[in-house]
Amino acid sequence: MQLPNRFYKERKLEHLVENQTSYTLNNAAMHVFETHLQAEKVMLQFDQPVLASMLIGKKVMRLRDKKAFNFLPGESLILPSNEIMQIDFPEANQDNPTRCLAMAISEEKINKVIRLMNEGMPKHDGSEWALMDYNYHFTNDASIYGIIQRLLYLFTENHPSKDFFVDNMLQELIIRILQGNSRESYMENASKLSSSNRLAYVLDYISTHLHEPLSVSDLSKKACMSESHFHKTFKEELGVTPIDYINSQRIKLAIRLLEDPSRKIKEIYLECGFENRSYFNRLFKRKLQVSPGEYQSKFMDNGSN
C-alpha cells in the first residue's frame, strides 16, 4: 500500500522505534508508525476504537485474549478503546522500516453509523446491528483496501472540505467492516445457527455443497425468500453477493487442495465446483496474483527448502 508523497515530506523522523506521523480531524485521527530497528514488547494504546492496517513489513502482535500472531501487509485489525497492544518487530531495519497505519475513530461516529444501518438496512432476523466484535483480525478485500488508500490521501490533503470527505469514507468503512464481521460470525457459527437463521442455513448448505452447482435461484428457495429479496439481504448483511461468496469459498478450498503436490489441477477445480479451467484460473489469479499452477509450484518449492 502506497503512502501519499506529502506524507514523506511532512514526517519528522524522531524515533527509530514507532516513529509517529499523525493527522487529526473531527471524528478520526490517522497515525502512521514507522519502525527502523528490531524491537520487542513495544506497548501501544489508544483511547478510541482503532483500525490498524499493516502497510510494509511484519509485526508480531499480542492482545489480552489472543495468542501471539503475525500481522502482515494487506491485513487489518479492529481494536476497542484502551486495548493494550504488545508488539514485536522481528524484521525492521533502517533500509526497510516496518510501516503500520492506525486510525482512531470516535465511538460517537461508529454509533451513528450503526443507528443508520438499523434504520435503513435492518437484519432479516429482527436482530440489530451492534458494536463490532473487537479484536477482529482480517485480510483486506478490494473495497477495504481502496477505502484505506483514499483515507490516506484525504487525511494528508490540504482541502477545506476534507472533514466532510473523510466522514463519508468513514461511514462506508464502518459499514463494510461490520458486514465483514457479520460474515465471519455467520461462517464460524453456521451449523449451530442453521436451524434458526435462514442465512446461516444457506451458508452451511454452501459449505457442504461447494462441489455441486449452486445458483442464487436454488439458494433463495432454501432461504424461503424471493430471489431478489435473498440477493439484497445477503449483500446487505454479509457485504458480498451470493456468487462472490461462493467463489471465494471455492478458491479457499482450491488453495488447500493445491498444497498437495500429487493433486492435478483439473481434478481440483472440478472438486471445487468450477465447470471450466479458464474461469477458475481467472478467479484464482485475481485473488492471489498467481495462477493455480504457479501457486502449486511455489508451495512445492517452499516445502522442499
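Predicted model: local features only at pLDDT ≥ 70, side-chain atom pairs only at ≥ 80, totals over all residues.
**Figure 1. Strand E4 and its two partners.** Strand E4 covers residues 50-56. Is this strand mostly covered or mostly open? It is mostly covered: six of its seven residues are buried. Strand E9 (residues 98-105) is joined to E4 by six bridges. Strand E7 (residues 75-79) is joined to E4 by four bridges. E4 runs antiparallel to E9, and E4 also runs antiparallel to E7. One residue pair can be picked out on each side. Towards E9, Val 50 has Ala 104 as its bridge partner. Towards E7, Ala 52 stands opposite Leu 77.

**Figure 2. Helices H8 and H10 cross.** Two packed helices are described by the angle between their axes and the distance between the axes. Here the pair is helix H8 (residues 242-258) and helix H10 (residues 277-288). Their axes come within 10 Å. The crossing angle is roughly 85°. That value lies in the 65 to 115 degree range, so H8 is roughly perpendicular to H10. Which residues make the contact? H8 contributes Asn 247, Ile 251, Ala 254, Ile 255 and Leu 258. H10 contributes Tyr 279, Phe 280, Leu 283, Phe 284, Lys 287 and Leu 288.

**Figure 3. Lys 41, a positive phi within a strand.** Most residues other than glycine have a negative phi. Lys 41 is not a glycine, yet its phi is positive, at about 55°. Lys 41 belongs to strand E3 (residues 39-44). Is its side buried or exposed to solvent probe? Lys 41 counts as exposed because its relative accessibility is 57%, and the cut-off for exposed is over 50%.

**Figure 4. Asn 82, a positive phi within a loop.** Asn 82 has a positive phi of about 65° and is not a glycine either. Where is Asn 82 found? It lies in the loop between E7 and strand E8 (85-89). At 46% relative accessibility, Asn 82 counts as partly exposed.

**Figure 5. The whole protein, for orientation.** The protein has eleven helices and ten strands. Its radius of gyration is 21 Å, close to the 19 Å given by the globule rule for 305 residues, so the protein is as compact as a globular protein of that length. Along the principal axes, the C-alpha atoms fill a box of roughly 60 × 55 × 35 Å. Of the 305 residues, 48% are buried. The protein exposes about 15,900 Å². Carbon and sulfur atoms supply 47% of that area. Among contacts with a separation of 6 or more, 66% join residues 24 or more positions apart.

Terms used. Residues numbered from 1 in each chain as written. Heavy atoms only, no water. Buried < 20%, exposed > 50% of the residue type's maximum accessible area, 1.4 Å probe, protein only. Helix = DSSP H or I, 4+ residues; strand = E, 2+ residues; numbered from the N terminus. Pairing = 2+ DSSP bridges. Rg over C-alpha atoms; globule rule 2.2 N^0.38 Å. Contact = heavy atoms within 4.5 Å. Areas by Shrake-Rupley, 256 points an atom, 1.4 Å probe, with all protein chains shown as cover. Axes fitted to C-alpha atoms, helices over the stretch in contact; angles between N-to-C directions. Parallel < 35°, antiparallel > 145°, perpendicular 65-115°, else oblique.
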